[in-house]
Amino acid sequence: MEHLINIVLLGLLMLAGFAIVRTKSLLAVAMLTSIYSLLSASLFVVLDAVDVALTEAAIGAGISTILMLAAIALTSDEEKAPRHTPLLPLFVVIATGAALIYGTLDMPRFGDPAAPAHRHVAPTYLQDTPTAIGIPNVVTSVLASYRSYDTLGEVTVIFTAGTGVLALLGFRPRRRNTEDTGRKKLVILRVVAKLFFPLILLFALYVLFHGDYGPGGGFQAGVIFATGFILYALAFGLSNSQQLIPHQLLYVMAAAGVLIYGLVGIASMLLGGKFLEYQVLANDPVTGQHVGILLIETGVAITVAAVVLIIYYGFVSRRPAPGDI
Amino acid sequence: MIGLAFDILSWVSLLIGAIFLLVGAIGVLRFPDFYSRLHAVSVSDTMGTALILVGLMIQGGLSMVTVKLLLMFYFMIFTGPTAVHALAEAAIEGNVKPFARKTGQ
Amino acid sequence: MYIVVSVVILISITMGLVRAYRGPTLYDRVMAANMIGTLTVLMVSVLGFLTGRPEFLDIALVYVLISFVSTIAVLRVSANRYGTARDDATGSAQE
Amino acid sequence: MQGPLGLYNYWIVIVLMMTGFYIVIARPNLIKKIVGLFVFQTSVFIFFITMAKVEDGTAPIIQEGVNLYSNPLPHVLILTAIVVSLATTALGLALVVRIRESYGTINEDDIHVQDEAS
Amino acid sequence: MLTENLVALQVVVPLIFAPVCLLLGKSRHAWACALTVSWLALGIATLLVTRVATIGTQSYAIGAWAAPIGIEYRVDMAGALIIFIIAAIGAMVMSYARRSIEHEIAAENSGYFYACYLLCLTGLLGIAATGDAFNMFVFLEISSLSSYVLISLGTTRRALTAAFQYLVMGTIGATFILIGVGMLYMMTGTLNMMDLAQRLPGVDDTRTIRVAFAFVTIGVSIKLALFPLHLWLPNAYTFAPSVVSAFVAATATKVGIYVLLRFFFTVFGIHFSFVAMHVGEILMVLAVVAMLVASLVAIFQDNIKRMLAYSSVAQIGYMILGISLATSAGVTAGMIHLFNHALIKCALFLCMGNIFLRLGSVELHDLRGLAQQMPWTMAVFVIGGLSLIGVPLTSGFISKWYLVSAVLDAGLWPLAVLILLASLFALIYIGRVVEAAYFSKPDPTAKKVREAPASMLIPAWLLIGANLYIGVDASLLAGIARQGADILIGAGVP
């Protein structure tokens with residue numbers, strides 16, 4: 001039965017992809033991209049990847065789309081037709097696709113439990129996580145402990161993006177009252193936003209600390225946290241939302257998350273372990289794992305939240321005219 | 001016995017909810033102009049959503065799942081109409097004209 | 001029962017997707033996207049019950065939030081961009 | 001599913017990947033290119049998640065009474081890759097905004113004409 | 001504590017100081033921070049090389065999770081050599097950077113610049129140190145994303161389009177690598193390179209592995225700008241800030257070549273790569289075409305940075321040619337040239353930075369008669385240029401010598417002729433610059449310029465000094481390269 005849902009979702013994805021190719025209005029393309037991302041997130045749920053689904057929805061359908069919209073607001077909406085007939089690209093794409101399909105022929109079948117990928121390293125994670133790490137969510141345990149170094153790299157990547165956007169777009173804090181605050185028609189949105197804002201932040205904390213037991217973790221929490229502020233900015237204007245977090249604090253937060261992560265690693269070195277060996281952080285190895293995972297997840301959340309906000313503010317404050325997205 | 005009654009109740013609720021969703025979607029696809037389509041959306045946004053969530057809540061029983069569903073219900077009952085309202089307003093501002101029957105249309 | 005509901009939701013999503021592709025105005029597309037968001041939320045919740053692990057409703061909660069915020073965002077962009085009438089029916093879906 | 005039909009998932013995913021790839025290399029609009037990259041990468045994520053699925057398995061969150069889980073490792077890899085894709089999208093769009101400010105266009109062909117002229 | 005964690009510290013130190021650099025904000029402080037960290041990294045790299053030379057390959061399990069379960073850092077002689085050259089170039093470039101950055105980059109952006117530089121350094125070092133295929137992808141992205149930013153900070157608007165083009169192509173390349181790694185994982189269930197090498201022979205006659213090989217190769221080839229996929233490189237090097245051109249030209253493509261070596265020899269094994277997949281023949285053709293065509297194109301460039309960029313494409317051809325022979329001598333020659341070319345190109349691009357600082361242009365016709373005004377800078381250019389051509393007593397001669405003898409060993413004498421032909425092209429394009437700077441009458445309306453400041457001359461001269469030293473006595477470098485090549489080739493023998 002799940003096969004049916006699976007096939008239908010894939011078909012819908014193809015439809016959305018086709019629509020993205022054909023549509024000329026970039027705002028519409030951004031909407032379709034958001035749909036594409038949301039559909040793939042649903043597919044991830046069907047395929048048991050709940051953590052990934054959460055992240056894809058928050059990052060792909062949420063933040064990426066909002067950034068695309070912000071970029072479109074700063075540029076233009078219409079796409080011109082290409083000057084040349086795209087024969088060469090078509091050829092390249094068909095050749096690449098044919099190569100990939102050729103490569104699938106010897107792959108293990110979809111869902112095959114005997115596939116080598118499910119036989120070699122993964123069973124260790126599933127078996128050892130309850131005893132060695134002591135948390136039920138295996139994705140979190142692999143992400144934050146077994147392969148925590150990748151996650152450090154990932155935080156560094158997002159930090160790089162933040163630095164890059166700062167370097168490219170700058171960061172111009174808005175002074176108050178430079179924009180029209182008296183939009184009567186926003187009143188419903190404002191009431192709802194005011195109602196939701198604290199709930200969203202609370203929910204972000206839940207996702208952060210519940211990540212050991214269910215889908216969630218530092219990234220998702222950071223993004224949800226930032227989304228709360230973005231909603232606030234949409235309803236009340238940029239300057240009002242920037243009153244909530246001074247931009248100097250955002251810099252400090254973006255750097256602090258990476259530093260927390262790195263320093264946990266250094267600390268475990270100083271305590272006689274290897275880099276990021278959490279066992280040495282407490283007397284009991286499992287407690288050490290808990291402490292380490294909690295610390296680094298918090299670090300991740302802080303950096304991600306700060307960087308997403310820096311990027312968003314960077315785009316939106318680029319706009320000279322009053323009014324923000 | 002009670003369990004069966006609850007099951008039937010939830011199934012009925014889910015089924016009616018699904019019908020509302022389908023009707024709304026057909027409306028979105030088939031209605032002739034933007035504002036009437038918006039009307040169709042609100043059918044699935046309110047009744048469809050509510051009934052499906054209620055059906056699931058009955059299935060969930062008294063547990064954390066139901067609390068989450070309630071929270072979702074709360075969220076959706078606010079966001080749906082707000083979004084639709086904002087949409088309608090933006091459309092009016094963007095000068096989308098209501099449908100008027102013209103010859104040949 | 002869950003399967004029936006999910007199938008109905010998938011059919012509805014397909015209709016919404018067709019509307020999002022056909023337009024004709026931007027607002028139609030936003031409306032369709034918003035509807036797809038709502039439907040996805042419901043489908044994820046139903047799927048949780050279908051697969052017997054309903055504790056993953058957190059995902060659905062995030063979807064509600066995200067789809068709301070992105071709808072508002074696109075409306076604010078369009079409100080800032082087009083003060084006046086703009087129907088992109090021409091040349092949007094057809095090349 | 002056995003036989004070559006058991007690969008249908010991968011084939012559709014490859015079509016999706018190539019859709020994104022085509023947008024990147026065939027479209028002159030810079031934002032469209034970024035969208036293409038996004039679609040391309042998202043489809044690769046679907047490829048990884050497909051490979052992680054185990055028939056009749058469930059999400060890899062340990063629970064009493066369940067003993068068949070899907071493979072958690074690709075999930076972890078894709079969590080990382082999603083964040084990388086966000087970083088790429090953000091940087092790419094920032095570049096597009098700057099290009100628009102200094103060239104007045106986001107069409108690759110027009111930019112090329114301006115560069116040739118200077 | 002220090003010695004056993006050396007490998008991790010090599011990468012983690014610049015990583016941790018990147019956010020610190022961002023927080024310092026002010027140009028001076030950020031520069032001081034980046035400079036200290038670069039020299040620290042060079043110090044660690046020196047210790048690491050000696051350690052690898054005395055004790056042997058260093059393996060480090062991060063988080064104390066043993067290899068296929070956790071991520072492993074694994075540095076053998078080849079990796080240590082790459083780490084050393086990256087760190088050395090980093091230290092030189094940072095010593096040089098302050099004046100040049102003050103001149104070319106707005107003050108409010110310089111904090112971001114130094115942070116991005118450290119991130120780029122982190123990424124490159126991480127790629128060279130890691131023994132895990134996916135971890136390599138992550139660090140590849142760190143270095144790529146930061147280099148897009150660094151390039152986009154160039155002085156003209158074309159830097160933006162160059163960075164965008166690089167971003168699009170680089171991301172396609174990275175995604176190809178990701179697809180390839182995914183297929184490898186699918187067929188073997190592991191991501192660790194040594195473990196992959198052990199488990200691949202069992203499945204290496206499947207179509208999936210062949211396609212995975214092709215995708216990884218194409219993806220890496222985009223990153224290292226192998227001939228038909230080099231389109232991003234000339235613009236990126238031309239319009240980037242001088243310091244960035246020097247740093248990226250000397251390191252990024254080199255790391256790409258190292259990744260290619262790792263995959264060909266360590267992961268897939270020499271037998272699969274070169275016998276089953278015939279990658280040697282394909283690469284050889286591409287390398288020769290790159291050498292000849294890119295050198296020829298370089299002759300017709302009037303912007304000297306662009307000329308050097310095309311020359312880089314050609315020089316990458318030399319390195320790939322050595323690797324494509326798949327012999328110990330060939331890989332040794334490739335690695336020696338990789339090292340030497342990093343020294344040469346860094347010095348030449350630093351030289352361009354000096355000229356740009358004083359003259360505000362690197363167009364050939366603006367350089368007429370410059371040798372009298374900036375003798376020390378032009379002397380760097382001449383020696384670097386001679387080295388690029390391959391004149392005896394320079395390091396370029398050493399690499400050409402090893403390369404030609406490797407080619408002759410393999411019995412491919414026509415290739416040796418082509419190498420000499422490409423060197424002739426190099427003679428022409430370097431000659432054009434020398435002719436303009438030394439033997440042309442300066443434009444009477446041109447402004448008089450001073451010699452570049454000492455802080456910018458000394459690093460360039462240090463690089464030239466190293467270059468000349470290798471030209472005289474290459475035994476140390478050749479020994480290390482030979483050892484690295486033997487490990488690579490030996491690892492692939494089933």
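Helix α5 of chain E is mostly covered, with 20 of its 20 residues buried; a residue counts as buried if 20 or more other C-beta atoms lie within 10 Å of its own, as exposed if 12 or fewer do, and as partly exposed in between, with C-beta atoms placed from the backbone. This is a predicted model, in which local features need pLDDT of at least 70 and side-chain atom pairs count only at pLDDT 80 or more, while totals for chains, interfaces and linings use all residues. Residues are numbered from 1 along each chain as its sequence is written, and chains are lettered from A and ligands numbered from 1 in the order in which they are written.

**Chain E**

- Chain E holds 20 helices and 2 strands; these are DSSP runs numbered from the N terminus, helices being H or I of at least four residues and strands E of at least two.
- The radius of gyration of chain E is 21 Å, close to the 23 Å that the globule rule gives for 494 residues, so chain E is as compact as a globular protein of that length. The radius is taken over C-alpha atoms, and the rule is 2.2 Å times the number of residues to the power 0.38.
- The C-alpha trace of chain E spans about 70 × 55 × 40 Å along its principal axes.
- Of the 494 residues in chain E, 68% are buried.
- Among contacts in chain E between residues at least 6 apart in sequence, 80% join residues at least 24 apart; two residues are in contact if their C-beta atoms, placed from the backbone, lie within 7 Å.
- Helix α5(E) covers residues 133-152, and its 20 residues should span 28 Å at 1.5 Å a residue; the end C-alpha atoms are 29 Å apart, which agrees. The expected span is 1.5 Å times one less than the number of residues.

**Contacts between chains**

- Between chains D and E, 25 residues of chain D are in contact with 22 residues of chain E.
- On the chain D side, the elements giving two or more residues are α2 (30-52), α3 (72-103) and α4 (108-117). The largest share, 13 residues, comes from α3(D).
- By class, that side of chain D has 17 nonpolar, 5 polar and 3 charged residues. Ala, Val, Leu, Ile, Met, Phe, Trp, Tyr, Cys and Pro count as nonpolar, Asp, Glu, Lys and Arg as charged, and the others, Gly among them, as polar.
- Chains B and D have no contact, and their closest C-alpha atoms lie 16 Å apart. Chains B and E do not touch either, with nearest C-alpha atoms 34 Å apart.

**Domains of chain A**

- The domain assignment gives chain A domain 1 (1-107) and domain 2 (135-325); such bounds come from an automatic or database assignment.
- The centres of these two domains of chain A, taken over C-alpha atoms, are 26 Å apart.
- Their contact takes 15 residues from domain 1 of chain A and 18 residues from domain 2 of chain A.

- Leu4(B) lies in helix α1 (residues 2-30) of chain B. Leu4(B) is exposed, because 8 other C-beta atoms lie within 10 Å.
- The buried residues of α1(C) include Val5(C), Ile9(C), Arg19(C) and Tyr21(C).
- Gly23(C), which follows α1(C), has a positive phi near 75 degrees.
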